[in-house]
Protein chains: 4
Amino acid sequence: MTTGRVEAFSDGVIAIIITIMVLELRPPHDATIAGLRPLLPVFGSYLMSYVFLGIYWSNHHHLLHAAQHVDGRCLWANLHLLFWLSLVPFVTAWMGENHFTTWPVALYGGVLLSSAIAYYILVRALLASPGNEVLAAALGPDFKAKISIVVYVVAIPLAFVRSWLAFLLYISVAVTWLIPDRRIERKIVE
Amino acid sequence: MTTGRVEAFSDGVIAIIITIMVLELRPPHDATIAGLRPLLPVFGSYLMSYVFLGIYWSNHHHLLHAAQHVDGRCLWANLHLLFWLSLVPFVTAWMGENHFTTWPVALYGGVLLSSAIAYYILVRALLASPGNEVLAAALGPDFKAKISIVVYVVAIPLAFVRSWLAFLLYISVAVTWLIPDRRIERKIVE
Amino acid sequence: MTTGRVEAFSDGVIAIIITIMVLELRPPHDATIAGLRPLLPVFGSYLMSYVFLGIYWSNHHHLLHAAQHVDGRCLWANLHLLFWLSLVPFVTAWMGENHFTTWPVALYGGVLLSSAIAYYILVRALLASPGNEVLAAALGPDFKAKISIVVYVVAIPLAFVRSWLAFLLYISVAVTWLIPDRRIERKIVE
Amino acid sequence: MTTGRVEAFSDGVIAIIITIMVLELRPPHDATIAGLRPLLPVFGSYLMSYVFLGIYWSNHHHLLHAAQHVDGRCLWANLHLLFWLSLVPFVTAWMGENHFTTWPVALYGGVLLSSAIAYYILVRALLASPGNEVLAAALGPDFKAKISIVVYVVAIPLAFVRSWLAFLLYISVAVTWLIPDRRIERKIVE
């Protein structure tokens with residue numbers, strides 16, 4: 001079974017998740033620039049989630065490009081990942097509305113952590129699927145995924161001390177991932 | 001006529017159905033964990049429907065992968081299935097909001113039953129379409145689909161006695177289907 | 001330029017239009033069957049539009065399957081068709097909420113008429129695009145499209161006399177189109 | 001890495017953006033033609049944004065059709081463009097609700113300007129990606145993109161003098177772009 005339809009379905013889900021988040025940005029009745037100020041945290045929250053979903057889409061793209069085959073287990077590992085990503089609009093809205101206070105920031109981290117674990121499980125499922133030897137060679141030791149999980153585990157309890165500290169750690173993970181996964185690109189070119 | 005565009009359109013519709021369900025999870029104004037408690041039944045309802053739609057997508061994927069040709073009748077059998085699936089967000093929201101009481105649980109079962117029948121009709125339409133002999137061989141006697149329909153027919157009246165009993169039966173159907181359709185995968189590999 | 005991406009984009013837009021219409025079916029707070037009764041006209045309106053959009057998708061599928069090439073004019077003819085279809089959720093909601101009274105039924109007919117004309121323009125644009133001779137042969141005199149336009153032109157003023165009469169005419173058009181476009185299917189098989 | 005999945009994802013996002021804008025057209029409770037009058041500016045705003053998004057989709061289609069390869073930088077340049085386009089529904093709703101007054105018109109121009117710059121960056125990223133020599137030859141000096149940016153830069157401050165003047169300039173840019181990008185079409189045919 002080839003990867004075509006898994007990619008198409010995932011593209012669809014991620015595209016919709018990204019786009020419905022913007023529905024939380026409700027236009028104010030006030031037609032001046034002052035009317036937009038209360039929307040700033042909602043916008044910041046949206047921007048953050050957009051970047052995270054962009055990273056997932058980009059990595060998912062690289063990952064499935066290198067994979068040759070998917071079996072039933074991979075389909076469900078992928079649906080599992082999409083489930084956690086589908087919760088992003090909810091936690092984004094909650095965090096934006098409540099100006100990045102403790103619980104919303106912690107729950108946001110929880111969804112990021114669950115997504116990271118789900119991505120890790122998807123990688124394992126793809127590696128276990130026969131015919132994906134190229135992928136195994138391309139991925140190598142996969143440090144970034146493991147470090148991200150560790151950072152989230154540290155950041156979530158930190159949200160109860162200083163929520164902005166947790167948020168800073170989320171951003172630092174995003175920055176690490178924005179550096180594109182050149183490992184796979186390089187291997188395929190060779 | 002090949003199956004490509006039917007798959008793409010179905011992927012799109014199912015992806016959107018899954019994602020707009022999450023819009024019912026409205027972020028509470030309360031920024032504490034207590035604020036999330038009233039959302040638990042809505043979340044449970046969402047999780048249930050996500051799993052059901054995941055099963056339909058996964059089976060639809062296997063089914064159309066094995067099919068070689070679609071005719072006009074298959075297009076409409078597919079649109080008929082998507083119609084019932086499009087009602088899932090509505091019954092999911094009604095069931096979640098009303099904490100799994102009688103009528104919402106019964107109607108939810110009705111939509112599941114109609115979807116199962118529509119899926120069965122789609123399988124028949126594909127089998128009747130010329131050039132799908134591989135599919136016929138791959139599907140075999142197709143017990144699971146028939147049993148699911150019987151379980152739904154039993155569960156819906158049960159909702160009027162004990163709604164959680166009906167709900168338990170829905171879950172048991174989901175568990176059966178979570179075991180991937182190895183029949184088709186095996187046949188294609190051979 | 002091949003038809004692949006025009007199909008993918010149109011599939012996406014039609015899939016979303018179909019699915020967001022269901023958002024108008026707001027779950028009632030009343031958890032009994034009586035709570036659903038006020039939703040019946042909204043549901044009827046949804047069903048009607050689902051069938052119409054299904055017909056457009058299905059015909060669009062057949063049409064672009066037979067076409068080999070699209071030029072810039074075809075892209076815009078297609079975007080023009082999608083524009084009118086994108087207004088379907090609006091008129092559907094207006095008609096459902098107001099129990100099929102005069103103006104909503106007339107405007108609904110106006111959107112159907114505009115969509116039919118836009119579809120006709122798309123067919124012309126595709127025929128004018130070089131390399132689509134198969135399509136020209138397959139389409140033949142194209143009676144149904146012309147008759148539909150005439151019926152809509154008659155039905156819209158009728159809405160101001162008896163709105164149900166106009167509605168009946170819309171349904172009769174839908175029934176005609178539900179008979180699949182065997183002309184194209186036949187030609188391609190030959 | 002081929003362009004297939006970037007096209008599919010972009011199609012998905014643009015299709016959803018176009019379609020959710022129509023959700024702002026809320027059906028009035030009044031079932032007469034008078035009830036629709038207050039919606040006219042919202043409709044005008046929607047029409048404008050539909051045309052702009054149609055232009056972006058059409059140009060994006062031509063651009064990626066001519067491109068052969070995308071690297072990690074192109075993926076992010078594309079996500080950057082989609083980010084600005086995802087803000088179109090927000091500014092469209094704000095402008096429509098406030099009858100094209102100063103600030104909404106200026107912000108709308110800001111989003112158009114940012115999208116135009118993001119499109120320009122995407123073109124650069126694609127040209128810098130190895131294997132896209134056909135694209136470089138096809139694009140030529142790329143006057144239109146640069147002139148559009150200049151017009152937006154002029155129009156935005158004008159919104160604070162006369163908002164309709166800024167709006168007129170936006171329309172003039174749209175009209176220029178509606179002339180399809182024949183350069184690429186021609187080159188590919190040759």
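How much area do chain A and chain B bury between them, and what share of it is on carbon and sulfur atoms? The legends below describe a predicted model.

**View 1. The interface of chain A and chain B.** About 3,100 Å² is buried between chain A and chain B, with 74% of it on carbon and sulfur atoms. Chain A brings 29 residues to this contact and chain B brings 38 residues. Nine residue pairs are in polar contact across the interface of chain A and chain B, both residues of each pair being at pLDDT 80 or more. On the side of chain A that touches chain B, helix H1 (4-21), helix H3 (72-86), helix H4 (88-97) and helix H5 (102-128) of chain A each supply at least two residues. H1(A) gives the most to that side, with nine residues.

**View 2. A salt bridge between A:Arg5 and B:Asp11.** Three salt bridges are counted between chain A and chain B. In the one formed by the side chains of A:Arg5 and B:Asp11, the N to O distance is 2.7 Å.

**View 3. The interface of chain B and chain C.** Here 29 residues of chain B are in contact with 38 residues of chain C. The area buried between chain B and chain C is about 3,100 Å², and carbon and sulfur atoms give 74% of it. Nine residue pairs are found in polar contact across this interface, both residues at pLDDT 80 or more. The elements of chain B that give two or more residues to the side touching chain C are helix H1 (4-21), helix H3 (72-86), helix H4 (88-97) and helix H5 (102-128). With nine residues, H1(B) gives the most to that side.

**View 4. A salt bridge between B:Arg5 and C:Asp11.** Across the interface of chain B and chain C there are three salt bridges. One of them joins B:Arg5 to C:Asp11, with the closest N and O atoms 2.7 Å apart.

**View 5. Chain pairs without contact.** Chain A and chain C are joined by no contact, and their closest C-alpha atoms lie 8 Å apart. Chain B and chain D do not touch either, their nearest C-alpha atoms being 9 Å apart.

**View 6. A nonpolar surface patch with residues from chain A and chain D.** A:Ile33, D:Trp103 and D:Phe160 make this patch of about 250 Å². D:Trp103 lies in helix H5 (residues 102-128) of chain D. D:Trp103 is classed as partly exposed because its relative accessible area is 30%.

Conventions: Residues numbered from 1 in each chain as written. Chains lettered and ligands numbered in written order. Predicted model: local features only at pLDDT ≥ 70, side-chain atom pairs only at ≥ 80, totals over all residues. Heavy atoms only, no water. Patch = residues over 30% accessible without salt bridge, like charges linked within 9 Å, V, L, I, M, F, W, Y side chains within 5 Å. Areas by Shrake-Rupley, 256 points an atom, 1.4 Å probe, with all protein chains shown as cover. Salt bridge = Lys/Arg side-chain N within 4 Å of Asp/Glu carboxyl O. Helix = DSSP H or I, 4+ residues; strand = E, 2+ residues; numbered from the N terminus. Buried < 20%, exposed > 50% of the residue type's maximum accessible area, 1.4 Å probe, protein only. Contact = heavy atoms within 4.5 Å. Buried area = accessible area lost by both parts, 1.4 Å probe. Polar contact = N/O pair within 3.5 Å; in protein donor to acceptor, adjacent residues only side chain to side chain.
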